[in-house]
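Good morning, and thank you for coming. I shall speak about a pocket and then about a pair of packed helices.

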Amino acid sequence: MKRTIEGLITKLAKLKKIKKISLSRSTYSNIIQAGVGISILLGTVFSALGLYGLATGNGIVFTVGAGTISFDPFLSALLTTIAGIMLTFEGIALMRVSLQASRLIISSIILGYFTINIPAILLGLNYSLAAGVSAIIFGYLWLITILAWLQRGE
């Protein structure tokens with residue numbers, strides 16, 4: 001029993017040393033910005049892959065050893081799409097709440113999301129020309145919003 005108490009006391013002493021290390025507000029802000037950026041980027045890519053999979057009907061096939069494990073194409077694409085959308089909008093919500101981002105920045109992120117995902121759907125449906133045109137249209141709208149919030153100094 002005495003050893004257990006001594007072990008707990010040494011662990012508490014180590015925790016007190018860790019507790020003395022403090023991070024500045026800018027460090028927390030940078031960590032949040034990195035998390036938001038990664039979340040939005042991965043969410044956009046995952047949802048684009050999922051939407052392309054939904055449009056084409058292709059699924060995910062894993063080869064493990066001698067056998068293969070395959071998932072239903074619709075289910076795998078749907079789960080990938082949902083995970084991507086949740087990641088993206090979780091990043092947007094975190095940015096809005098913690099970093100106090102303006103509506104212009106949020107709309108810029110959403111237009112960037114559409115720039116990637118709408119052409120992914122159209123490419124999956126074999127509408128290559130429409131995918132290119134929509135990528136150009138949403139890309140220019142995205143560029144306009146980025147230039148607007150950069151000009152405003154946000």
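The largest share of the lining of the largest pocket comes from α4, which gives six residues. Helices here are DSSP runs of H or I with at least four residues, numbered from the N terminus. This is a predicted model, in which local features need pLDDT of at least 70 and side-chain atom pairs count only at pLDDT 80 or more, while totals for chains, interfaces and linings use all residues. Residues are numbered from 1 along each chain as its sequence is written, and side-chain values use heavy atoms, with hydrogens and water left out.

In total, 13 residues line this pocket, and I40, I109, G112, Y113 and W142 lie nearest its centre. Two or more lining residues come from each of α2 (25–56), α4 (103–124) and α5 (128–151). A pocket is, on a 1 Å grid over the protein atoms alone, an open set of points where a 1.4 Å probe fits, with protein on both sides within 12 Å along at least five of seven lines; lining residues have an atom within 4 Å of a point.

Let me turn to the helix pair. Helix α3 (residues 73–98) packs against α4 at an angle of about 165 degrees, and their axes are 10 Å apart. Axes are lines fitted to C-alpha atoms over the stretch in contact, and angles run from 0 to 180 degrees between N-to-C directions. α3 is therefore roughly antiparallel to α4, a term for angles over 145 degrees. On the α3 side, I85, T88, I92, M95 and R96 meet R103, I105, I106, I109, I110 and Y113 of α4, where contact means heavy atoms within 4.5 Å.

Definitions and conventions: Parallel < 35°, antiparallel > 145°, perpendicular 65-115°, else oblique.
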